[in-house]
Amino acid sequence: MPSLTVPQTPRYVPAQPTKEKLQYADLAIIDLSKAATAEGRAELAVELREALTTHGFCYIINHGYTQAQNERMFDIADIPMSGVPEDEKRAYTGDSKKTGIFQGYKPRQYWHIDAGVRDQHEHYNCNRHVYSLMHPQALRPFLPDIDAFVRHNHHNILHNICRLMALSLELPEDTFVKLHDFDAPGVSYLRFMKYFPRSEDEEVQTKNVWMKGHTDFGSITLLWSQPVAALQIQTKEGWRWVKHIENALLMNIGDSMEFLTGGFYKATIHRVVQPPIDQHGYTRLSMIYFSFLNDDVKLVPLMDSPVLQRVGVKRKCEDDVAPTMKAWRVARISAYGASDLQKGTEPGIEEEVLNGIVVKHYN
């Protein structure tokens with residue numbers, strides 16, 4: 001008979017929120033509890049459209065997880081980094097440069113950041129079909145928690161956002177839900193990610209940038225808010241910090257949704273930098289659910305949308321040569337942190353060409 005006892009986790013204690021006076025982005029807050037009714041979804045669709053056409057990022061609150069559940073998941077998120085021996089980590093290390101898939105560990109110093117400096121963050125990636133692959137011994141007692149968390153992110157948060165996005169484009173509510181089928185071929189995944197403090201010399205060499213400005217290449221990203229300030233987004237006024245809100249998550253769209261909306265919704269450029277001085281020396285633990293369209297979805301504008309018909313679209317490429325979700329994912333993952341970037345025509349921008357499409361990195 002299975003045990004009814006919930007396994008206890010080591011406690012992960014994050015830094016206190018910064019008291020530094022930072023320039024924060026003014027992001028909308030979407031109350032997902034309103035999505036329970038047709039009237040609420042209609043109201044939220046308008047709010048979401050405004051948020052995504054202004055900054056491309058917004059907060060999600062009342063998403064269905066309590067503060068206690070949130071804290072337990074952050075405790076679990078630290079186990080792959082702090083509770084697994086290094087030799088066992090190596091046995092579960094993936095090779096995204098060759099496979100085009102994030103699965104298992106990405107070790108520290110895997111990616112080149114700038115000026116010969118390599119990254120100082122580690123992450124553990126878990127496919128949405130949690131039980132389909134093996135996991136480190138220390139994590140196995142918590143697979144039921146992880147599986148429930150993944151399914152909650154996908155069915156209760158992502159799919160509700162998909163409905164709002166469809167309504168915002170005057171499309172049938174289930175349009176994007178069908179394109180994010182949990183059981184269809186595809187690789188939406190959960191990432192536990194931990195940044196470690198760097199040396200002063202590394203900070204100088206990289207101008208305090210821990211991850212260059214970039215866009216996500218999936219469809220919708222769900223980042224669970226945590227107190228160490230480091231995330232910045234590019235706004236019309238310049239780089240702005242993202243403020244921590246307790247038990248909230250941040251939502252942003254990636255390249256794939258920009259393809260499907262013909263640029264109406266743009267993938268927002270964001271980066272990770274050294275935290276403010278009162279958070280120096282602390283690790284930064286993140287939980288992120290990266291969602292991707294079904295592998296076979298062709299990345300072309302959804303011209304059935306009356307909104308897109310009215311405003312027009314800007315294609316990144318001609319429809320007949322547009323990549324599928326799988327082709328775009330493999331190209332972006334395989335190249336990230338590995339390809340030689342070329343200086344762009346604009347200051348501080350480096351470029352690479354993938355599938356005939358220019359990808360920009362903002363340094």
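Strands are DSSP runs (E, at least two residues), helices are DSSP runs too (H or I, at least four), and both are numbered from the N terminus. This is a predicted model: local features need pLDDT of at least 70, side-chain atom pairs count only at pLDDT 80 or more, and totals for chains, interfaces and linings use all residues. Residues are numbered from 1 along each chain as its sequence is written, and side-chain values use heavy atoms, with hydrogens and water left out.

**View 1. The second largest cavity.** A cavity is a set of points on a 1 Å grid over the protein atoms alone where a 1.4 Å probe fits but cannot get out; lining residues have an atom within 4 Å of a point. The volume here is about 50 Å³, the space filled by probe spheres set on the points, which are joined across faces, edges and corners. Strand 3 (residues 104–106) gives the most to the lining, with three residues. Other lining residues include Asp95, Tyr110 and Asn125.

**View 2. The largest cavity.** Its volume is about 380 Å³. Of its 26 lining residues, Met211, His214, Asp216, His270 and Phe290 lie nearest the centre. Strands 7, 8, 9, 13 and 14 each supply at least two lining residues.

**View 3. The second largest pocket.** A pocket is an open set of points with protein on both sides within 12 Å along at least five of seven lines. This one has a volume of about 340 Å³. It is lined by 22 residues, with Pro14, Gln67, Glu71, Pro227 and Glu246 nearest its centre. Helix 2 gives the most to this lining: five residues.
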